[in-house]
Amino acid sequence: MEEIQQIDALFDALDSKDDKVRYPAFQELLTITEQPVSWVYDKWYLLVDKLSSDNSYQRSIAILLLANLCKSDTEQRFNALLDRYVGFFEDEKFITSRQCIQNVWKIAIEHASYQKKIVGELCRSYYENENPHSNLIKQDVIVSLKQIFLYSGDNGIRSKIDELIDSENDGKLIKSLKKLLN
């Protein structure tokens with residue numbers, strides 16, 4: 001019962017307006033959710049609701065925690081969220097879209113059934129990205145794909161990574177993307 005009270009308190013703190021309360025609670029929950037947890041469905045819909053928040057920080061909290069909680073999602077509830085989740089690749093806030101791309105690999109490695117969709121969406125995002133800082137998004141996509149490749153061993157994913165990099169014309173960008181693969 002003590003663990004549930006601790007988790008409830010941490011989730012309550014996520015709604016605090018005070019960064020000195022909210023951020024440490026968020027960090028602790030990220031650490032806790034690095035391992036499977038039994039309370040995943042007690043907090044699932046609270047996090048799903050945060051995805052609709054007007055506050056990008058609250059959306060980011062949900063994006064990061066849901067990615068971590070995927071390893072605890074034995075009922076595969078994330079399946080119903082997948083399209084919505086990858087939609088955050090184009091969030092109105094640059095940092096939120098980057099955080100989503102940087103963490104989506106965690107979902108792909110936990111549930112192989114999501115892998116094809118996630119890889120496809122990462123590739124689409126790479127090609128269609130029109131952000132002024134598109135090189136950062138491209139780097140995030142490559143790193144996420146690399147993580148999926150490392151966990152899956154799927155050479156098709158490695159081929160997609162090479163294809164994305166080979167599509168570039170900027171030698172400096174190509175060099176920085178290839179460096180990410182080491």
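In which helix do Arg124 and Glu121 both lie, and how many residues apart are they? Select helix H8, residues 112-128: Arg124 and Glu121 both belong to this helix, 3 residues apart, or about one turn. Please bear in mind throughout that the model is predicted.

**Stop 1**

With Arg124 and Glu121 selected, display the distance between their side chains. They meet in a salt bridge, with N to O at 2.9 Å. The two partners fall into separate accessibility classes: Arg124 is partly exposed, at a relative accessible area of 24%, whereas Glu121 is buried, at 16%. The class of Glu121 follows from the cut-off, because buried means under 20% relative accessible area.

**Stop 2**

Now select Asp83, Glu90, Lys117, Glu121, Arg124 and Glu128 together. Salt bridges with shared partners join these residues into one network. Glu121 and Arg124, the pair from the opening selection, are among its members. For the structure, the count comes to 13 salt bridges.

**Stop 3: the loop between H4 and H5**

Select Gln76, which is placed in the loop between helix H4 (56-69) and helix H5 (82-87).

Glu75 is partly exposed, with a relative accessible area of 48%. Arg77 is also partly exposed, at 24%.

**Stop 4: the aromatic cluster**

Select Tyr41, Trp44, Phe78, Tyr85 and Tyr114, which form one aromatic cluster. A pair of aromatic rings is described by the distance of the centres and the angle of the planes. A search of the whole structure finds 8 aromatic pairs.

Begin with Tyr41 and Trp44, whose ring centres are 6.0 Å apart and whose planes meet at 55°, so the pair is tilted. Both residues are in helix H3 (residues 40-50), where a spacing of 3 residues separates them by about one helical turn. Is Tyr41 buried or exposed? Tyr41 counts as buried, at 19% relative accessibility. Trp44 is buried as well, with a relative accessible area of 2%.

Then turn to Phe78 and Tyr85. Their rings form an edge-to-face pair, with 5.2 Å from centre to centre and 65° between the planes. Phe78 and Tyr85 are both buried.

**Stop 5: the largest pocket**

Which residues lie nearest the centre of the largest pocket? Select Phe89, Glu90, Ser97, Asn129 and Asn131: of the 13 residues that line this pocket, these lie nearest its centre. Helix H6 (94-103) and H8 are the elements that give two or more residues to the lining. The volume of the largest pocket is about 150 Å³. By class, its lining has 3 nonpolar, 4 polar and 6 charged residues.

**Stop 6: Asp170**

Finally, select Asp170, in the loop between H10 and helix H11 (171-179). Asp170 is partly exposed, with a relative accessible area of 38%. Show Lys172 beside it: the backbone nitrogen of Lys172 lies 2.9 Å from a polar atom of the Asp170 side chain.

How many residues apart in sequence are Asp170 and Asp18? They are 152 residues apart in sequence, and in space their C-alpha atoms are 43 Å apart.

Methods
Residues numbered from 1 in each chain as written. Predicted model: local features only at pLDDT ≥ 70, side-chain atom pairs only at ≥ 80, totals over all residues. Heavy atoms only, no water. Salt bridge = Lys/Arg side-chain N within 4 Å of Asp/Glu carboxyl O. Buried < 20%, exposed > 50% of the residue type's maximum accessible area, 1.4 Å probe, protein only. Helix = DSSP H or I, 4+ residues; strand = E, 2+ residues; numbered from the N terminus. Polar contact = N/O pair within 3.5 Å; in protein donor to acceptor, adjacent residues only side chain to side chain. 1 Å grid on protein atoms, 1.4 Å probe; cavity = no way out; pocket = protein on both sides within 12 Å on 5 of 7 lines; lining within 4 Å. Points joined across faces, edges and corners; volume = space filled by probe spheres on them. Nonpolar A, V, L, I, M, F, W, Y, C, P; charged D, E, K, R; others polar. Phe/Tyr/Trp six-rings, centres within 6.5 Å; stacked < 30°, edge-to-face > 60°.
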